[in-house]
Amino acid sequence: MKRSHLKSPDLLPIKQKDRNITKLGYSFMWVGMVVVLATFAIGGAGVVSLSLPWVILATIIGSLAIGFFISLIADIGIEHGLSFPVYMRAPFGTIGTHIPSITRGVTASMWFGINTYFGATAMNGILNILFGFDNWFVCFLIFAVVQLVNTALGIKSIERFADLAAPIILIISLWMYVSLSDKAAAAGRDVWSWVESPVTGGAAFSAFLVVIFSNMGFWATLSADIPSISRFIKAPVNEKNWFKRNKGSLIGNLIAMPLTQTFMIIIGAVSYIAVLNYDPVVALQKAAGGFILAILLLMIVLAQWSTNTAANVVPAATIFSNVGGPKFPFWAGVITAGIVGTVVQPWTLFGVIIPILLFVGGILSAIVGILFADYYLIRKRRVNVPELYEDHGQYRYMGGVNLAGFIAWIIGAVASYFVPNYGFLVGFIVGAVIYFILAKYWWFTKYKQAEIEDPSDEKYLGISVGRDWEIDETVYEPVTEKAPKNLDFY
């Protein structure tokens with residue numbers, strides 16, 4: 001008797017009693033998650049060509065759009081308690097899931113490294129002000145270890161930190177906006193009308209779309225693996241109404257995230273207007289000093305911590321745990337994410353951050369489209385969950401691979417590559433359409449799916465019919481009777 005490779009304890013469906021993230025807690029997690037260098041970079045890049053009001057409008061549109069996509073995919077975790085890499089066994093196969101999952105895991109680890117470096121520069125600034133200490137790399141290592149330990153302690157520990165950090169982040173960010181606005185005014189620049197290189201006509205429309213899709217591409221990474229977080233969100237039992245069941249998710253994705261994202265985009269824009277640098281750590285060092293600067297920089301540290309634990313380390317660690325199997329627990333995945341995020345030398349990635357956002361967002365958007373098509377259009381939210389954990393079950397397909405998923409992913413990713421400014425939308429639509437056609441009319445005619453053949457609510461829905469999925473965590477190997485040894489009689 002042994003445990004199956006697919007049945008790692010950290011990847012089993014989350015039961016209703018273990019879902020401990022509240023609506024407010026999830027919203028507070030968003031407050032911390034959006035305060036990252038990439039958000040400020042989008043704002044800074046936006047005011048090169050557009051005035052701040054237009055940048056704000058584009059950000060609101062992009063944030064609401066991606067918030068809707070995030071909410072759609074989050075239902076996988078809320079309805080069935082499943083993480084991203086486990087559900088990916090349905091559209092990609094029990095073995096095929098590893099390839100797209102690792103793509104996301106490495107991306108999340110890279111973001112962990114980038115955000116840790118950003119936070120480390122702020123931490124270094126605080127220690128320099130208070131104690132004269134100046135070594136950003138030591139700060140990077142210390143900050144990385146603290147975040148990884150916090151994540152390894154579990155999702156409730158992450159929510160508790162977000163509850164503590166979010167109000168502080170909001171208060172200090174308001175203070176930060178005032179300081180940077182004053183600095184811009186002192187330089188003779190009105191933050192609401194100044195544009196570095198104004199454009200008009202078609203060029204202005206293109207610049208507007210770039211801001212929209214930069215915001216969408218930024219969160220495409222999380223929209224793919226949001227089930228790894230949403231499976232912990234408290235949800236009403238026996239609630240078949242999609243909007244009521246996903247209320248906690250919707251409040252965070254469509255209210256907390258767009259509002260906070262927009263405000264942080266404003267800070268990045270005002271930072272660029274003030275000192276021609278979207279990095280608020282650099283801008284604040286020019287706009288303030290002493291103890292005030294130390295407090296402002298504290299917001300950056302707290303925000304990177306809150307962002308990394310929820311948006312990067314949890315998804316990456318879950319994915320690495322899925323690849324490693326039962327002998328590679330969640331905490332080992334956390335350490336792996338930290339190592340990968342450091343090895344890529346994130347301090348060298350800042351210069352190409354916007355192109356990276358658009359490119360990676362396009363690649364991962366095809367996965368979001370495939371998840372949407374598989375979960376909503378083909379299976380209609382009904383999932384034969386126990387089979388996701390079986391080595392030779394219905395999701396084994398051809399050697400553990402669903403070719404429909406891989407073909408759709410490749411075509412969707414290539415299509416998004418050729419239109420990087422609109423990568424998310426193109427990748428999503430192409431991935432969803434190709435997968436739907438191939439899966440419905442080809443692949444699933446060869447490999448029958450129980451929930452498609454018999455779309456029963458009672459058999460294949462989760463929390464909306466009051467079910468906690470129970471998984472038999474062992475497999476039994478056949479026992480072969482050994483032949484008796486030859487006996488010699490004397």
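Start with a definition: rings of Phe, Tyr and Trp (its six-membered ring) pair if their centres lie within 6.5 Å, and planes under 30 degrees apart count as stacked, over 60 as edge-to-face and the rest as tilted. By that rule, the structure holds 29 aromatic pairs. Take W136 and F137: the planes sit at 90 degrees with ring centres 5.6 Å apart, so this pair is edge-to-face.

Before going on, the ground rules. This is a predicted model, where local features need pLDDT of at least 70, side-chain atom pairs count only at pLDDT 80 or more, and totals for chains, interfaces and linings use all residues. Residues are numbered from 1 along each chain as its sequence is written, and side-chain values use heavy atoms, with hydrogens and water left out.

Now accessibility. Buried means under 20% relative accessible area, exposed over 50%, and partly exposed in between, with a 1.4 Å probe and protein chains only. W136 is partly exposed at 30%. F137 is partly exposed too, at 34%.

Another edge-to-face pair is F436 with Y441, 6.3 Å centre to centre and 85 degrees between the planes. F436 has 22% relative accessibility, so it counts as partly exposed. Y441, at 57%, counts as exposed. There is also an aromatic cluster: F68, F69, Y87, F372, Y375, Y376, F424 and F428.

Next, pockets. The grid is 1 Å, over the protein atoms alone; a pocket is an open set of points with protein on both sides within 12 Å along at least five of seven lines, and lining residues have an atom within 4 Å of a point. Grid points are joined across faces, edges and corners, and volume is the space filled by probe spheres set on them.

The largest pocket has a volume of about 320 Å³. It has 17 lining residues, and D10, I14, I155, R231 and F232 are the closest to its centre. Helices here are DSSP runs (H or I, at least four residues), numbered from the N terminus. The elements giving two or more residues to this lining are α8 (155–186) and α14. For classes, Ala, Val, Leu, Ile, Met, Phe, Trp, Tyr, Cys and Pro count as nonpolar, Asp, Glu, Lys and Arg as charged, and the others, Gly among them, as polar. The largest pocket's lining has ten nonpolar, four polar and three charged residues.

The second largest pocket holds about 180 Å³. Of its 13 lining residues, I378, K380, K440, I452 and E453 lie nearest the centre. Two or more residues each come from α16, α18 (423–446) and α19 (450–453). By class, that lining is six nonpolar, one polar and six charged.

Which loop holds K380? The one between α16 (353–378) and α17 (403–418). Its phi is positive, about 55 degrees, although K380 is not a glycine. Most residues other than glycine have a negative phi. R381 lies in that loop as well, with a positive phi near 70 degrees. Buried or exposed, for R381? Buried, because its relative accessibility is 15%. K380, at 46%, counts as partly exposed.

Last stop, V47. It sits in helix α2 (residues 37–49) and is buried, at 0% relative accessibility. Contact means heavy atoms within 4.5 Å. Leaving aside neighbours within four places in sequence, V47 touches, among others, L52, W194 and Y272.

That's the tour. Over to you.

Note on methods:
On a 1 Å grid over the protein atoms alone, a cavity is a set of points where a 1.4 Å probe fits but cannot get out, and a pocket is an open set with protein on both sides within 12 Å along at least five of seven lines; lining residues have an atom within 4 Å of a point.
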